[in-house]
Amino acid sequence: MAKVNEVTAMEIDDPNSNVSDQISPKFSINVLQLLKSAQMQHGLRHGDYARYRRYCTARLRRLYKSLKFTHGRGKYTRKAISESTVTEVRFLHLVLYTAERAWSHAMEKRQLPDGPNARQRIYLIGRLRKAVKWADLFSRLCSVKGDSRTSLEAEAYASYMKGNLLFEQDQNWDTALRNFKSARAVYEELGKYGDVENQVLCRERVEELEPSIRYCLHKIGESNLQTSELLQIGEMEGPALDLFKSKLEVVMAEARSQQAASLTEFHWLGNRFPITNAKTRVAILKAQELEKDLHGPSADSLSAEKKLATFDKVFTAYHEARSCIRSDLANAGNAENVKDDLNGLDKAVGAVLGQRTIERNQLLVSIAKSKLTRRRDDKNEKVTKPEELVRLYDLLLQNTADLSDLVSSGRDRKPEEVAFAEECQLKSVAFRAERCFYLARSYSLAGKRTEAYALYCRARSLAENALQKFQTHSNSDQVMIKELKTLYDECRSYSCIEHATGIIEEEKAPENLSKKISTISLSGADKKVEKYLLEKLDLYESAVGDSNVKAVPRIEPFPPAFQSIPRNPIVLDLAYNTIEFPSLENRMKKDKKGFISRLWR
């Protein structure tokens, strides 16, 4: 597939068009389509820049060998690529993939887990400079050897690389803005012509360049864009946005550091815990900003996938805050007041983390419920089984138990903490009823009617008990009450269905068994059977056959077929009667008699 794309992207104009083209042919390369295809097929679909860099290296090796443009054997002797050297379109590919290799190496350093340190950052900028150098060479060569479209695309590519270098260096924002705008103008113009695929690629590149342009305007001061509004721009995806996202994270960290100066206390259930560590403040502030996206007015418009990703970021921020708190505890020494404040802050952050964990698991439950009764669509989406919901409710029960134990662990508890612990117990009762209901559904799908009926009745009683407790509670959750009422009605209907189905199956059991036994055949001569019943007595299978098997079960072929039986050989001894045996009397033993024995004769 990659070869086909390369062939389509390397079309050469007809050399017979005019005399000038015969002397100096003009090469045509669809740069954006060629690079997009290579990037998506070799790692950048998942942000794997190391894999894409290895692909560029292998591609360059193949190009050098096929063009016989190697740099000597043994001693390295560099061969420069000039206008006179470019006799084939593959020479232009050499320059382009060299620039891509340098750029992907720089982006690989940018994606390190803790970010590049000072030495790695110097190396990163050096690789970006190398990418700019090769992109400029590619643009100059295409202006002479390429057609007008190729030259225009090469110029846009070089401008984009220059903008990336200045963007990473945090300097010359005017020049970076000018380069990004130049690249955007070229792609906007190219998006008006060509086939549909090329137009779509150009529009995507324009959309990827837009956030970088707006960020440059923000840094120059010509934009009224607030720092918090940049997060909405960073939700886009694409290789051209990775540098922008890294810069955006740095800007947001600086903004949080400035806002964290006013965050001196953490409020939780009527308690106030002082925050002295700056890193703890920044982490808690980051988590609270993310929580606004989950509980704010725009939360309903967010998709489930984005909510789950936001929950993961919230957990990371709170875990970072707890690690800072515990390191402060280790360094507190014998200061009891400081230790008490830090222990209370750690408990409060842990409780909030437990609440968000319950909310995330409830979101997973809602996603699983939406897929429970859904059939497979064109995307072959996996359908949820009741066992998965049972597992999720097990997690929710464990989360509520841990949170209740954490809140109830103190001695002098405030009324808010007592009310919160009671709320956790109420939720656990509701979760237990839901778990019992889906456990009954799993038994029902397995065909165990008695167990399913008993579990439905048990779930109904648990739902009724939880509903009474929620209705008597003053600050009860109306959404939970509505869900419990629905669960109570479903338990009643499903129990009636299971009862009726069980009676019908019990009544029809003898008839079904006799019907299946009546289909058993002795002969089986009319149809070919893979294996008869007497041949698989050591296997645990039904004697009347499975319901999904169309063939009638066979016991044994009748009448039985003839079988060969081993016999002893028949010997006719014809020579026995003609044999004359010698006399053996002289060898026989004779009795000796005495004198007295003769008298008794």
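**Exercise 1. Classify Asp136 and Lys162 by accessibility, then describe their pairing.**

Step 1. Asp136 has a relative accessible area of 22%, so it is partly exposed. The classes are: buried under 20% relative accessible area, exposed over 50%, partly exposed in between (1.4 Å probe, protein chains only).

Step 2. Lys162, at 32%, is also partly exposed.

Step 3. The two side chains form a salt bridge, with N to O at 3.4 Å. A salt bridge needs a side-chain nitrogen of Lys or Arg within 4 Å of a carboxyl oxygen of Asp or Glu.

Step 4. Asp136 sits in helix H6 (residues 118-145) and Lys162 in helix H7 (residues 148-169), so the bridge ties together parts 26 residues apart in sequence. Helices (H or I, at least four residues) and strands (E, at least two) are DSSP runs, numbered from the N terminus.

*Basis of the values.* The model is predicted: local features need pLDDT of at least 70, side-chain atom pairs count only at pLDDT 80 or more, and totals for chains, interfaces and linings use all residues. Residues are numbered from 1 along each chain as its sequence is written, and side-chain values use heavy atoms, leaving out hydrogens and water.

**Exercise 2. State which helices the Asp346 and Arg326 salt bridge links, and whether each residue is buried or partly exposed.**

Step 1. Take the distance. The closest N and O atoms of Asp346 and Arg326 are 3.5 Å apart.

Step 2. Asp346 belongs to helix H14 (residues 336-370), and Arg326 to helix H13 (residues 304-330). They are 20 residues apart, and the pair links distant parts of the chain.

Step 3. Check the accessibility. Asp346 is buried at 13%. Arg326 is partly exposed at 46%.

**Exercise 3. Describe how H7 and H8 pack against H9.**

Step 1. Start with H7. H7 and helix H9 (residues 196-220) pack at about 30°, with axes 12 Å apart. Axes are lines fitted to C-alpha atoms, for helices over the stretch in contact, and angles run from 0 to 180 degrees between N-to-C directions.

Step 2. Name the orientation. H7 is roughly parallel to H9. Angles under 35 degrees count as roughly parallel, over 145 as roughly antiparallel, 65 to 115 as roughly perpendicular and the rest as oblique.

Step 3. List the contact residues. H7 brings Arg149, Tyr160 and Phe167. Those from H9 include Arg205, Leu209 and Tyr215. Contact means heavy atoms within 4.5 Å.

Step 4. Turn to H8. Helix H8 (residues 173-190) packs on H9 at about 160°, with axes 9 Å apart. H8 is roughly antiparallel to H9.
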